[in-house]
Amino acid sequence: MKLRDRIQGTEIVVMLDSGTSHNFISRTLVEQLELAVDETVQFGVCLGDGARVTCQGICRQLLVDLRHCEIQIDSYVFELGGVDLILGIDWLRTLGEVVVNWETMSMSFTLGKGVVTLTGDPSLNRSVISRRALLRMAEIEFSGVLWNITVEDSKNGMQNTAPELRELIDRYGKLFEEPRWLPPKRRREHAIILKEGSEPVQVRPYRYAHHQKDEIEKLVSQMLQAGVIQHSGSPFSSPVILVKKKDGSWRFCVDYRALNDITIADKFPLPVIDELLDELHGAVWFPKLDMKSGYHQIRVKAEDVPKTAFRTHEGHYEFLVMPFGLKNAPATFQATMNEVLKPFLRKFVLVFLARSGKSTWHTFNKFWKC
């Protein structure tokens with residue numbers, strides 16, 4: 001329960017906490033009000049996560065105005081966040097019998113010859129958190145959380161954009177749209193060549209939390225609408241993995257490690273970084289080109305589509321485009337880029353970066369030499 005009270009006429013935020021053994025006051029408030037502190041006293045504190053810290057100093061006989069009464073307490077100086085003063089069991093046990101109503105956020109007790117009732121301020125229990133922290137809270141199982149979300153309209157996100165940039169975006173609007181169709185057929189498609197005598201890979205699906213199942217269903221539905229996957233009857237089956245992105249959203253990946261173990265490695269040469277750096281001599285401009293779902297812009301050979309099959313809790317699907325996590329996918333992508341940008345390879349230095357594991361993603365940078 002949090003209240004708005006006063007110390008020396010200054011409004012503070014007080015928290016009543018029966019889970020705290022002693023009273024604690026914020027060091028920031030102590031310095032602001034220039035309160036007298038006995039620095040010779042040290043007090044060890046065990047936090048809720050098990051960490052142990054030491055309080056340095058105590059404010060003795062501190063007068064606190066609780067609006068309806070005035071109390072005098074000893075309070076240890078501590079680094080607090082969100083509140084200025086914590087009244088713990090050290091003070092609460094002096095009240096005797098206390099009646100608390102959590103519905104109305106009130107606490108009543110007898111002080112002297114009268115009854116004092118303290119009422120909490122509900123607004124103090126609200127806090128502004130980031131989107132990432134909000135998504136982390138959603139992952140906690142068996143929790144009850146009430147969210148009050150306010151969405152602020154930004155009055156058209158393009159309003160403050162330079163006219164030249166708006167004109168450019170309008171002219172090439174299709175380049176910025178989410179892919180909603182299969183890529184065109186090109187001369188090069190991704191092939192999955194298996195070692196001789198290999199049997200179809202069948203790996204059991206993983207267990208997923210309820211909120212992860214919802215996310216998998218949503219992502220599968222989006223890929224079905226975009227046409228990059230289709231329902232499958234393949235003897236191959238790989239499990240799905242959700243990987244958390246930095247912005248709190250999820251990346252859909254398939255665990256192709258078993259399939260990769262029986263796939264013959266492609267020997268297409270990837271760029272040598274030292275040679276690429278040598279090509280940068282004399283460069284002045286360094287634009288960056290980042291493709292949206294670049295792997296999904298390369299098709300899988302028709303005869304190899306069944307090998308990309310994956311299973312979720314609701315069905316069996318297969319990729320029509322090159323998925324993330326496949327062996328030789330970086331080589332196929334690099335070869336495609338070399339073909340597409342062949343006329344510019346000596347004028348432009350193309351850098352392709354890929355990392356494999358539970359999640360695979362790519363980005364490539366194009367350096368323009370003047």
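Leu29 counts as buried, at 3% relative accessibility. Buried means under 20% relative accessible area, exposed means over 50%, and partly exposed lies in between (1.4 Å probe, protein chains only). The model is predicted, so local features need pLDDT of at least 70, side-chain atom pairs count only at pLDDT 80 or more, and totals for chains, interfaces and linings use all residues. Residues are numbered from 1 along each chain as its sequence is written, and side-chain values use heavy atoms, with hydrogens and water left out.

**Around Leu29**

- Leu29 sits in helix H1, residues 27-33. Helices (H or I, at least four residues) and strands (E, at least two) are DSSP runs, numbered from the N terminus.
- Leaving out residues up to four places away in sequence, Leu29 touches Ile7, Ile12 and Asp84. Contact means heavy atoms within 4.5 Å.
- Leu29 and Leu80 are 51 residues apart along the chain. Their C-alpha atoms are separated by 9.7 Å.

**The whole protein**

- The protein has eight helices and 17 strands.
- It has 370 residues, and 38% of them count as buried.
- Take the contacts with a separation of 6 or more: residues 24 or more positions apart account for 63% of them.
- The protein exposes about 23600 Å², and carbon and sulfur atoms supply 52% of that area. Accessible areas come from the Shrake-Rupley method with a 1.4 Å probe; for residues, only the protein chains shown count as cover.

**A nonpolar patch on the surface**

- Leu165, Leu168, Tyr172, Leu175 and Phe176 form a nonpolar surface patch. Together they have about 550 Å² of accessible area.
- Patches are made of residues with over 30% relative accessible area and no salt bridge; like charges are joined within 9 Å, and nonpolar side chains (Val, Leu, Ile, Met, Phe, Trp, Tyr) within 5 Å. A salt bridge is a side-chain nitrogen of Lys or Arg within 4 Å of a carboxyl oxygen of Asp or Glu.
- Phe176 lies in the loop between helix H4 (163-171) and helix H5 (210-226).
- Phe176 is exposed, because its relative accessible area is 59%.

- Strand E8 (residues 98-101) runs antiparallel to strand E9 (residues 106-111), and four bridges join them. Two strands pair if DSSP finds at least two bridges between them.
- Val98 has Phe109 in E9 as its bridge partner.
- E8 and E9 form a hairpin with four residues between them. In the turn, Met105 has a positive phi of about 55°.

- Strand E11 (residues 229-231) pairs with E15 in the antiparallel sense, over three bridges. Ile229 stands opposite Phe319 in E15.
- Strand E14 (residues 310-311) also pairs with E15 in the antiparallel sense, over two bridges. Phe310 has Tyr317 in E15 as its bridge partner.
- E14 and E15 form a hairpin, with four residues between them.

**Lys307, a buried loop residue**

- Lys307 is in the loop between helix H7 (273-279) and E14.
- Lys307 counts as buried because its relative accessibility is 15%.
- The side chains of Lys307 and Asp304 make a polar contact of 2.9 Å. A polar contact is a pair of N or O atoms within 3.5 Å; within protein, one must be able to donate a hydrogen and the other to accept it, and residues adjacent in sequence count only if both atoms are side-chain atoms.
- Not counting residues up to four places away in sequence, Lys307 touches Ile192, Leu194, Ser234, Phe236, Tyr256 and Leu259.

- Asp255 lies in the loop between strand E13 (250-254) and H6.
- Asp255 is buried, with a relative accessible area of 8%.
- The side chains of Asp255 and Tyr206 are joined by a polar contact of 2.5 Å.
- Beyond residues up to four places away in sequence, Asp255 touches Tyr206, Ser238, Pro239 and Ile241.
- Asn260 is in helix H6, residues 257-261. Its relative accessible area is 14%, so Asn260 is buried.
- Asn260 touches Gly325, Leu326 and Lys327, again not counting residues up to four places away in sequence.
- Asn260 and Gly325 are 65 residues apart along the chain, and their C-alpha atoms are separated by 8.8 Å.
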